[in-house]
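Here is a walk through a predicted model. Keep the structure open and follow each stop in turn.

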Amino acid sequence: MATVVKIVNRPAGWKRRSYLWGTMQGLGVTFGHLMRNWPRNLLGRRAQSDIVTLAYPEEKRPYPPRNRGLHRLMKRADGQVRCVACMMCPTACPAHCISIVPEESEDPRIEKRPRVFQIDELRCVVCGLCVEACPCDAIRMDTGIHAPPSTRRADAILDKEELLSRGELSVAVQAGEGLFWRERK
Amino acid sequence: MAGDRQAPPGPRANVKMVIDGQPHEFPAGLTILEACQRVGIVVPFFCWHPGLSAPAVCRQCLVEIKGFPKPIPSCYTPVADKMEISTNSPKVLDVRRQMLEFTLLNHPIDCPICDKAGECMLQKHYFDWDARFARNDGSKVRKAKVVDLGRHIVLDQERCILCTRCIRVCNEVARQADLVMAFRGDRQLLTVAPGRRLDNPYSLNTVDVCPVGALTAKDFRFSMRAWELWATPSVCPGCATGCNIEIHSARDVIRRLIPRPNPAVNKYWMCDEGRLTYRRVHQDRLVAPMVAGAPASWDAALGEAARLLASARDKSPSTLGVVLSTQMTNEDLFAFTRLAAEHLRTERVYLAGAPEGWCDDILVSADKNPNTTGAKLIGGLTLRTATDLKQDLETGVLTALLLVGEADAVGSLGSLQSLVVLTSHQGAPVAAAQVALPLAMWAEVDGSFTNRQGKVQRLHAAITPAGQARPGWAIAARLGQALGAAWRYANAKQVFSEACEKIMLMSGADWGKPEIPVQLRFANSRG
Ligand code: SF4
Ligand code: SF4
Ligand code: SF4
Ligand code: SF4
Ligand code: FES
């Protein structure tokens with residue numbers, strides 16, 4: 001393919017050629033802002049200034065209320081994982097980042113639970129579909145915690161223990177009948 | 001009625017009837033349900049199964065017949081002349097929904113942990129015909145969740161909808177009355193007959209026919225959800241019957257084998273032993289070519305194999321033997337027979353295979369090899385037997401051997417000067433061989449087996465071959481090239497077509513259409 005070269009001639013006359021005037025005009029704008037903002041800033045009236053950037057990390061913008069954050073796995077009353085390894089969340093996950101290996105539980109009232117539960121936070125697109133899909137309120141994304149930085153990919157894969165460490169008791173119930181509805185006479 | 005023309009008697013008589021306002025004609029003797037299925041009208045059912053008797057216990061298939069005061073079970077009622085049937089009147093839809101509500105009254109709705117979810121008839125019918133919230137706010141009748149019924153099966157009595165399909169499989173297919181119903185009403189439950197266990201050789205068919213997740217196979221239980229699986233049509237390699245199957249696999253691992261209906265071979269069934277043959281596909285596999293006990297590249301291993309075989313052939317072709325196996329596909333057998341005849345120039349071609357085992361007059365053959373018929377057709381009359389092989393090895397007639405396929409216990413291989421083995425599994429032959437080449441197994445290749453009835457049946461590749469394993473015909477072609485052959489094969493179909501041309505008794509066999517794995521996510525309920 002032929003390269004297209006567009007030649008722009010320098011403007012005529014030394015005034016325009018030196019760009020001196022243009023530079024000074026620009027500096028003038030900056031200086032004007034400075035003069036307007038720094039006294040207010042100094043007097044602690046930053047809100048009245050024109051500054052739109054934040055002094056991160058001293059200042060942080062609050063997240064919107066719908067912010068999700070890191071996943072966590074919820075617990076039963078006895079501290080066991082609520083997840084029943086139903087595979088709804090890996091089925092719903094568009095990023096294929098949830099891996100579950102189910103196993104049989106000795107407790108016949110539980111029957112099935114995850115032996116391995118991993119989420120690859122590097123792949124996760126934080127869509128929340130896993131939470132929507134879960135029929136047991138076993139997985140939540142309500143921690144608001146950023147995925148922490150890591151230097152190795154493997155560190156970004158959260159395992160069952162880590163996900164459970166942020167977990168709490170969930171008393172969500174099935175079919176609107178109340179907790180332990182099976183036990184009720 | 002007087003003056004009405006009677007339908008002509010005899011088995012070929014046809015009846016004329018009206019379904020949902022449309023006139024249809026059916027052969028007499030069909031049930032209304034079958035007639036509806038023939039013309040594509042959906043009538044839901046639970047207890048009816050095409051391969052079993054119809055006791056009409058679930059009442060899910062009710063339809064209205066003009067002139068009858070009550071809805072009638074369509075699975076049980078034969079078609080008759082001038083019948084007028086309605087399958088979608090408000091009354092039918094209402095009783096259909098009421099029957100579902102009744103079935104669900106004490107159902108635990110365990111779907112998240114139920115192995116049947118995704119292929120459950122109760123789920124499907126509920127979403128198709130009811131889809132309303134439960135009106136029951138009382139407590140449900142609780143029954144046992146984990147009942148060990150036998151070697152292969154676990155029962156969840158709560159999930160059972162009491163359709164008796166499993167009982168009929170035991171009685172009518174396995175011909176052993178292992179299961180019975182106990183108690184009545186909402187306490188009714190399925191259980192084993194007194195003093196028995198569900199241990200018949202066809203017990204896993206009960207899991208397939210169970211319309212819900214009440215019966216689960218210990219082998220498959222909790223390992224996968226149905227929609228994660230991919231189904232590939234194939235043939236069971238367990239014996240000479242050649243039951244048609246579906247291989248259900250996920251991420252290159254086979255998870256279960258399911259019978260595929262074929263009225264001429266296995267109807268709707270297969271034996272438990274055959275179902276578990278898939279395990280061997282993932283056990284002790286030879287995954288890389290080996291030269292002198294160390295892994296080598298394909299090129300190096302093939303070169304060395306060709307050198308060994310060529311030097312044995314050039315010394316004296318009568319001391320070079322080729323052992324084929326009745327476990328191999330027709331394509332592999334044909335390619336190796338050709339290699340033996342044209343390029344190894346030996347007449348010592350032996351046929352080995354798995355030893356005979358138990359049999360019955362239901363499905364299981366004593367011959368535990370899937371392709372004995374095919375091997376005999378392709379190998380022809382000059383094939384020698386495993387006994388000849390043993391003898392020839394003992395007397396030292398053979399000094400070099402090309403051993404192909406899974407041939408257990410062929411005899412002592414110690415006396416051989418050179419041994420080239422093509423096999424799928426680790427074992428004594430691999431340990432004794434100078435060159436061992438990894439062979440792909442039945443679930444990993446496209447090919448065909450000829451069953452004991454002489455039916456040529458297709459296998460389709462469900463998973464990728466283990467490690468570097470390759471199909472037998474492809475290895476034969478490569479060996480042939482190294483030995484100076486001009487023939488090449490691009491795919492199994494080409495070998496098959498050539499075999500059909502050359503072998504008279506295979507002419508007319510059909511390769512069929514290509515099949516690729518289908519995800520069960522799109523396959524709906526299998527009931
Ligand atoms: S938030 Fe979305 S991408 Fe992340 S694990 Fe859940 S479903 Fe997958
Ligand atoms: S959807 Fe919920 S219960 Fe099911 S596997 Fe995911 S976290 Fe576990
Ligand atoms: S049998 Fe069907 S409806 Fe019942 S729990 Fe299992 S999947 Fe759900
Ligand atoms: S276990 Fe399954 S097949 Fe047997 S009666 Fe119950 S629902 Fe029917
Ligand atoms: S299918 Fe007709 S009564 Fe069950």
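The crossing of H2(B) past H3(B) is left-handed. By class, the contact of H2(B) with H3(B) holds six nonpolar, two polar and four charged residues. Which residues meet here? H2(B) brings B:Leu93, B:Arg96, B:Arg97, B:Leu100, B:Glu101, B:Thr103 and B:Leu104. H3(B) answers with B:Leu122, B:His125, B:Tyr126, B:Trp129 and B:Asp130.

Stay with helix H3, residues 121–130 of chain B. Its buried residues are B:Met121, B:Leu122, B:Gln123, B:His125 and B:Asp130. These buried residues of H3(B) pack against helix H2 (90–104) and helix H4 (165–174) of chain B. An α-helix has 3.6 residues a turn, so residues three or four places apart point the same way.

What follows H3(B)? The next stop is B:Ala131, with a positive phi near 55°. B:Ala131 belongs to the loop between helix H3 and S6 of chain B. B:Ala131 counts as partly exposed because its relative accessibility is 47%.

A second residue in chain B has a positive phi without being a glycine: B:Lys82, at about 65°. Look for B:Lys82 in the loop between strand S4 (72–73) and strand S5 (84–86). Is B:Lys82 buried or exposed? B:Lys82 counts as exposed, because its relative accessibility is 54%.

**Around the ligands**

Now turn to ligand 3. Its surroundings include B:Leu122 and B:Gln123, both listed among the buried residues of H3(B). By class, the shell of ligand 3 has seven nonpolar, three polar and one charged residues.

Ligand 1 is surrounded by 14 residues. The closest to ligand 1 are A:Cys93, A:Cys124, A:Cys127, A:Gly128 and A:Cys130. Twelve residues in the shell of ligand 1 are nonpolar, two are polar and none is charged. Ligand 2 has 13 residues around it. Nearest to ligand 2 come A:Cys83, A:Cys86, A:Met87, A:Cys89 and A:Cys134. The shell of ligand 2 has 13 nonpolar residues, with no polar and no charged ones.

**A buried glycine in a loop**

Return to chain B and find B:Gly150. B:Gly150 sits in the loop between strand S6 (147–148) and strand S7 (153–155). Why does B:Gly150 count as buried? Its relative accessibility is 0%. Leaving aside neighbours within four places in sequence, B:Gly150 is in contact with B:Arg197, B:Leu198, B:Asp199 and B:Lys218. B:Gly150 and B:Val192 lie 42 residues apart in sequence and 9.0 Å apart in space, C-alpha to C-alpha.

**Another helix pair**

Move on to helix H7 (residues 298–315) and helix H12 (residues 472–482) of chain B. Their axes come within 9 Å and cross at roughly 60°. H7(B) is therefore oblique to H12(B). The crossing of H7(B) and H12(B) is right-handed. By class, this contact has eight nonpolar, no polar and two charged residues. On the H7(B) side stand B:Trp298, B:Asp299, B:Leu302, B:Ala305, B:Ala306 and B:Leu309. On the H12(B) side stand B:Ile475, B:Arg478, B:Leu479 and B:Ala482.

Helix H13 (residues 492–502) of chain B holds B:Glu498. B:Glu498 counts as buried because its relative accessible area is 17%, and the cut-off is under 20%. What does B:Glu498 touch? Not counting residues up to four places away in sequence, B:Glu498 touches B:Phe334, B:Arg338 and B:Tyr489.

**Chain B as a whole**

Chain B has 13 helices and 23 strands. Its C-alpha atoms fill a box of roughly 90 × 55 × 40 Å, taken along the principal axes. Of the 527 residues in chain B, 55% are buried. Among contacts in chain B with a separation of 6 or more, 64% join residues 24 or more positions apart.

Definitions and conventions
Residues numbered from 1 in each chain as written. Chains lettered and ligands numbered in written order. Predicted model: local features only at pLDDT ≥ 70, side-chain atom pairs only at ≥ 80, totals over all residues. Heavy atoms only, no water. Helix = DSSP H or I, 4+ residues; strand = E, 2+ residues; numbered from the N terminus. Buried < 20%, exposed > 50% of the residue type's maximum accessible area, 1.4 Å probe, protein only. Contact = heavy atoms within 4.5 Å. Near = heavy atom within 4 Å. Nonpolar A, V, L, I, M, F, W, Y, C, P; charged D, E, K, R; others polar. Axes fitted to C-alpha atoms, helices over the stretch in contact; angles between N-to-C directions. Parallel < 35°, antiparallel > 145°, perpendicular 65-115°, else oblique. Left-handed = near helix turned anticlockwise from the far one by under 90°.
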